[in-house]
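This report looks at selected parts of one protein model. The sequence and structure come first, followed by short notes on what was computed from the atoms.

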Amino acid sequence: MKIVALGSSGTVATVAVVQDETVIAEYSMNYKKTHSETLLPMLDEIKRNASIELEDIDAVAVCAGPGSFTGLRIGAATAKGLALALDKPIVPVPTCEGLAYNMWGFDGIICPIVDARRGQVYTGIYRMKEETDEGGTFSDYTLERLMDQDAMDIHELMEKLEAYNERVCFLGDGVPVFKEEIKACMKSQVTFAPPQLSHERAASIAALAERYMAEGKAVPSDDFAPVYLRKSQAEREREKKLSEEGKTE
């Protein structure tokens, strides 16, 4: 199983190739250039340096959202174009699940937070669940979803997390925005993922995609669409303007 993974839902653009649970190559960029300038060149560099023939891949995994509207559209367009040209399926990986998988093996609650502006975050709540073999010996971790992805006020999220009464690990680009507020308001023990684990990683997206492929979650390229969870700022402003003018769509 060989998977190309793309991520562009936040500030980081990231590309990886994973084959049979081995990371062949991973390239991430978080510096000034737009995702439209970086995704395909990074993939091309991986292709050349690792001598990979894209025709040999089995699927294209992509961070499916939520996140930056522009970033998601760039990632979706790149994934759909690649999958269509190669006649391969797309494996959508929810943003928060891809982030949470960075914390493989963490003992406690995992809470990705993606800055959604205006005091809100895109978030989900997860836990690493231990799996055992027939003899009762630990074999692996699986990502357990405790709350589906949603957009909510950071204080509402903290209230939900307090109800678990467990240690919570926060990660994502919402951490720099809300870190001090979380430390001041949360009564439960909190920790924050280190920089190398706190942002979207294509290797984690690909690793989850391998599992999702086995579960039959791959889709044809024509059927894939990003998950936004809420309307864009432009759409909200347009609706507000129409409302003030007494018009409806």
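In which helix is His35 found? His35 is part of helix α1 (residues 35-49), helices being DSSP runs of H or I with at least four residues and strands runs of E with at least two, numbered from the N terminus. This is a predicted model, in which local features need pLDDT of at least 70 and side-chain atom pairs count only at pLDDT 80 or more, while totals for chains, interfaces and linings use all residues. Residues are numbered from 1 along each chain as its sequence is written, and side-chain values use heavy atoms, with hydrogens and water left out.

With a relative accessible area of 10%, His35 is buried (under 20%; exposed is over 50%, with a 1.4 Å probe and protein chains only). Neighbours within four places in sequence aside, His35 has contacts (heavy atoms within 4.5 Å) that include Ser8, Thr11, Gly71 and Ile74.

In helix α5 (residues 175-185), the buried residues are Val175, Phe178 and Ile182. They lie on the same side of α5 because they cover an arc of only 90° around the axis, taken from the directions from the helix axis to the C-beta atoms. Pro176, Glu180 and Ala184 are exposed on the other side, whereas the buried residues are covered by elements including β7 (120-132), α4 (154-162) and α6 (195-198).
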